[in-house]
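Could you walk me through this structure, helix by helix and loop by loop?

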There are 2 protein chains.
Amino acid sequence: MTDSVAPIRATYWVETAHNLEHAVQIMAGEQSSGTFVKVPGETPELQAQHGAVVERMTYLTTVRSPSLPCHQQAKGSYADDEIHRAEVVIAYPFVNVGTSLATLMTTVSGNLFELAQFSGLSLKDVEIPSVFADVYPGPQFGIAGTRRLAGVSERPLIGTIIKPSVGLSPDATAALVKTLCEAGLDFIKDDELQTNSPHSPLAARVEAVMRVINAHAQRTGKRVMYAFNITGDLDEMRRGHDIVLSHGGTCVMVNMLAVGLVGLLELRRHSQLPIHGHRAGWGLYYRSPAIGISYIAFQKIMRLAGADHLHVNGLRNKFCESDESVIAAARACLTPLFGGYEAMPVFSSGQSAEQASDTYAALNSADLMYLAGGGIMAHPGGPAAGVRSLQQAWDAALQGIPLSAYAADHIELQQAIERFR
Amino acid sequence: MTDSVAPIRATYWVETAHNLEHAVQIMAGEQSSGTFVKVPGETPELQAQHGAVVERMTYLTTVRSPSLPCHQQAKGSYADDEIHRAEVVIAYPFVNVGTSLATLMTTVSGNLFELAQFSGLSLKDVEIPSVFADVYPGPQFGIAGTRRLAGVSERPLIGTIIKPSVGLSPDATAALVKTLCEAGLDFIKDDELQTNSPHSPLAARVEAVMRVINAHAQRTGKRVMYAFNITGDLDEMRRGHDIVLSHGGTCVMVNMLAVGLVGLLELRRHSQLPIHGHRAGWGLYYRSPAIGISYIAFQKIMRLAGADHLHVNGLRNKFCESDESVIAAARACLTPLFGGYEAMPVFSSGQSAEQASDTYAALNSADLMYLAGGGIMAHPGGPAAGVRSLQQAWDAALQGIPLSAYAADHIELQQAIERFR
C-alpha cells in the first residue's frame, strides 16, 4: 500500500566545488539508504526501493569562491575555483518516512546541511503527500474561524502588539488594552518576549485583560481578539490555554521555534482556540543566503502542525527580509494544502497606513492580519485616529482608490501619510 | 524574591556597520523593554527594572564588507565601509523570563537574528541562573547511569550505527545486530533517518532486535545498549519508549531539532531510560560564520531538558565542523552545570582507531561514546577485529602509549592504522 504513496519531494539550492552530479547523488544517498562508504547491506534491491532519487537538477551559475567555509578541508576540499550553483529536486520514498512530520523534517533538512561537499545548501520547498492529512488535522480555525471569532469579514484584521514588550504589570497591560479596545482594534497580542513571567504571571494578566475585553464586548458587541502568549513547557501551555478559554479569550499565541514541532502539535491537540504562530528566531533560517530553510517549506509544516496564524514580517519591514520574500511567504500561507489548511498570514514590523495598498496589490487578498505599533500609537491624532487611518488605508486598497486620493477626505489617513511616509 | 535571582547572561559575536555602542543598545532594547520607537509606557523605572544591560563589549576587528546582506537597505543601511566586529555580553533580568527554557530561548535567540543593524550575529554562550535547576531535573542517567546500564567503566563506550541508514527490515536489522553484538560492541544505534517507518515499524524492530540482544546478554552477561530512534509525535514517542522498556531495552534516541524543546522535555518526563540526543540538522546553526548558535550554548538547554547523550561530531569528521569546535562542544557537555547535569558526548562521523589518542589528549576524559561505522565494518579482519582495534586504540590512549608502539603487538590496531590512516 505504502508503495503507491507519492514520495516526499524537496527542492534545494546548492553550491559545490565538486562535480555537481556527483555531489547531488551524495546528498540523496546521505539522506536515504547510502552513507559515506558502500556497506554490504546496501543491495541494488534495497537501493531501488529506499534510495532517494534526484528528479531534477537545474544548473544556475558558476562562482569563484565558496559562500561557506568547510573546516575539514582535507575531505571537503574546495581546491577547485569553479563553484557551481544549482537547484535540485530530490524525491524521498514515502516508505522511508511514513506520516511523521518529525521524520520528514529530519529527512529533508537533517545532516545534509553539514555535508562537506557543499559550500551552500538551502531548503526551498517541500511537497508533502496527502496521506499526511489523515494524521495531521491542521489549523482548527484558519481564516474563516478567526474572522468569525473576531467579528471581522472581508477586510484584514487590524491589530497591535503590547509595548513595552516586557515590564508592564497585568494591571498596566489591562489599562493599555482598554485604550486599544476603545481605539477600535480587532486584534491585540502579547509580545513574543512576554510569556508567563514573574512580573506578569499569565493567570493574572489574562484575568486583568479579559475583564477589560469582556466589559468592552458587553458595551459595544465587539469582542477584541487577544493572543495571549502561552509559550512554555507543555503543562504550562495547556494550563495557560485553559485559563484563556475560561475567561472568554479567543486566541492563544506560541513561539513556534522555541517550543518546537511537538510543542505546537500538542497545543493543537489540546486547543479550543486559534493558535497564533510567532516565529521569533526565524532570522537564523534566512539571514545567510547560503544556508537555511525557506518559509515556503517551513510554513507547510507549521500549518500541518496546527498554526492558524503565521507571522510573515511586512512590506518595508524593520528587519532584513525582502518584500519579495515576505509576499511569497504570505501567498504560501494562503495557498491551499490538500484542498485546505489555509493559515492567516500576519503582517507585522514597521507597518502603518502607508503599506496597505501595496500589500493588497501584491497579495491580492485581504485574508490577513495587519499589525502596527508605532503606526497606531504614534499617530498625531492618538491611537483611535491611528486605527482609523489603517482602516481607511485598507478601504482605499480594497476599493482600488489611490491612497492620496482617498486621503483627501479622510483626515486620519492624511495625517498618517504625512507622519509615516 | 525574583529580584535577587541572577540575570540570564548571553554572549554574542556581532558585526555592524552602525555605531557599535548604539547597535548593541538596540539589541538589548529589542530583547527586553524597548522597541523600534520610544513608547509612552517605557518609563525610566520600568527600564531600570526590565531593560537588558550590555555588561561588556570587546571590540574585535574592523572589516570592509558585511558578512550578510540586509534586504531592507533603506533602513538597515550598510553605507559605511567600516564594519565592526565585537563580542558582547548582555544580561537579561530574570524577572522578564522566569524559569521557562522556551522563554529563555526566545529572549537570548529571538528577533535579534533579524535586526537590520547587524550584518552578523551569533549566540556564543548563555549563563543560566541556578533557579532553573528547581524546574528542570536534567539528565536522568547521565554518564554514571549510562556506564552502569552498559556495563562499561572507565573507557569510552565503543559503538556503531546501523547502516544502511534506512531500508533494512526488522529481521535484517536484527541479523546485523547479532553480528555487531558478537563483534563485542557496547552500543548500537538506529540511524537518525530510521524512526517508525512503514518498512521498519518500531514495534517490530524492537522485538526483533531485543530478541538478539537479550539472547546475547543471557549467553555472555553483556547487555549491549541499543538506542532505538523513537522520534515522532509525542504519543508515538511515549509508546515507543514503553515498547523499548518492556522488551528490556536500555536506551531511546530522539532527533532533538526535529521534535524541539517540548518534545525532549516531555520525553524526559516520561522516560525510564537514557535519552540519546541526536542533532540532525545542526549544520544550519554553525555552517555560516556570521549567523548561528554555538553548541556551547545549545547543549546547556538540551542538558537541562534531559538529554543524557549529546552528539558532537568527531575529530577529522566527514562533515564541516572544525576539530577545535568539536572538542569545545564535548568539553562543554562534560562541564558541570549547577554542580551536575553532565551529558555523555557522542563522537561520531568518520571515526576509526586513528582518532582515539588525539581525542583523549584533547578532551582529557574517557567519559564519551565513540561511534564508528566504516572504522568497524571495513576493518580488514572483519567487524570483531574492527571493534578490537578501537578498544586497543583506547587502551593505548588511556595508558599514554603511542598508537604505533601499542600497535606493534596488537595486530587489529596495526591493521586499522594501515587501513584508515
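Helices H15(A) and H17(A) are roughly perpendicular to each other, because their packing angle of about 95° falls in the 65 to 115 degree range that counts as roughly perpendicular, while angles under 35 are roughly parallel, those over 145 roughly antiparallel and the rest oblique. H15(A) covers residues 383–399 and H17(A) residues 411–420, and their axes lie 8 Å apart. Each axis is a line fitted to C-alpha atoms, for helices over the stretch in contact, and angles run from 0 to 180 degrees between N-to-C directions. Helices here are DSSP runs of H or I with at least four residues, strands are runs of E with at least two, and both are numbered from the N terminus.

This is a predicted model, in which local features need pLDDT of at least 70 and side-chain atom pairs count only at pLDDT 80 or more, while totals for chains, interfaces and linings use all residues. Residues are numbered from 1 along each chain as its sequence is written, chains are lettered from A and ligands numbered from 1 in the order in which they are written, and side-chain values use heavy atoms, with hydrogens and water left out.

Which residues bring the two helices of chain A together? From H15(A) come Ala385(A), Arg388(A), Ser389(A), Gln392(A) and Ala393(A), and they meet Glu412(A), Leu413(A) and Ala416(A) of H17(A), where contact means heavy atoms within 4.5 Å. This contact has 4 nonpolar, 2 polar and 2 charged residues. For these classes, Ala, Val, Leu, Ile, Met, Phe, Trp, Tyr, Cys and Pro count as nonpolar, Asp, Glu, Lys and Arg as charged, and the others, Gly among them, as polar.

Stay with H15 of chain A for a moment and find Ala396(A), which lies in this helix. Ala396(A) is buried, at a relative accessible area of 0%; buried means under 20%, exposed over 50% and partly exposed in between, with a 1.4 Å probe and protein chains only. Setting aside neighbours within four places in sequence, Ala396(A) touches Ile401(A), Leu403(A) and Tyr406(A).

Now move to chain B for another helix pair. H4(B), residues 101–109, and H11(B), residues 295–305, pack at about 170° with their axes 11 Å apart. That angle makes the two roughly antiparallel. Leu101(B), Leu104(B) and Met105(B) of H4(B) make the contact with Phe298(B), Ile301(B), Leu304(B) and Ala305(B) of H11(B). By class, the contact residues are 7 nonpolar, with no polar and no charged ones.

H7(B), residues 202–220, spans 26 Å over its 19 residues, close to the expected 27 Å. Its buried residues include Arg205(B), Met210(B) and His216(B), and their cover includes helix H6 (170–182), strand S7 (225–229) and helix H8 (234–246) of chain B. After H7(B) comes Gly221(B), with a positive phi near 80°.

The loops deserve a look too. In chain A, the peptide bond from Lys163(A) to Pro164(A) is cis, with omega near 0°, and Pro164(A) sits in the loop between S5 (157–161) and H6 (170–182). In chain B, the bond from Lys163(B) to Pro164(B) is cis as well, with omega near 0°.

Two non-glycine residues carry positive phi values. Glu154(A) has phi near 70°, lies in the loop between H5 (142–150) and S5 of chain A, and is exposed at 68% relative accessibility. Ser349(B) has phi near 95°, lies in the loop between S12 (344–347) and H13 (356–363) of chain B, and is buried at 11%.

Technical notes. The expected span of a helix is 1.5 Å times one less than its number of residues.
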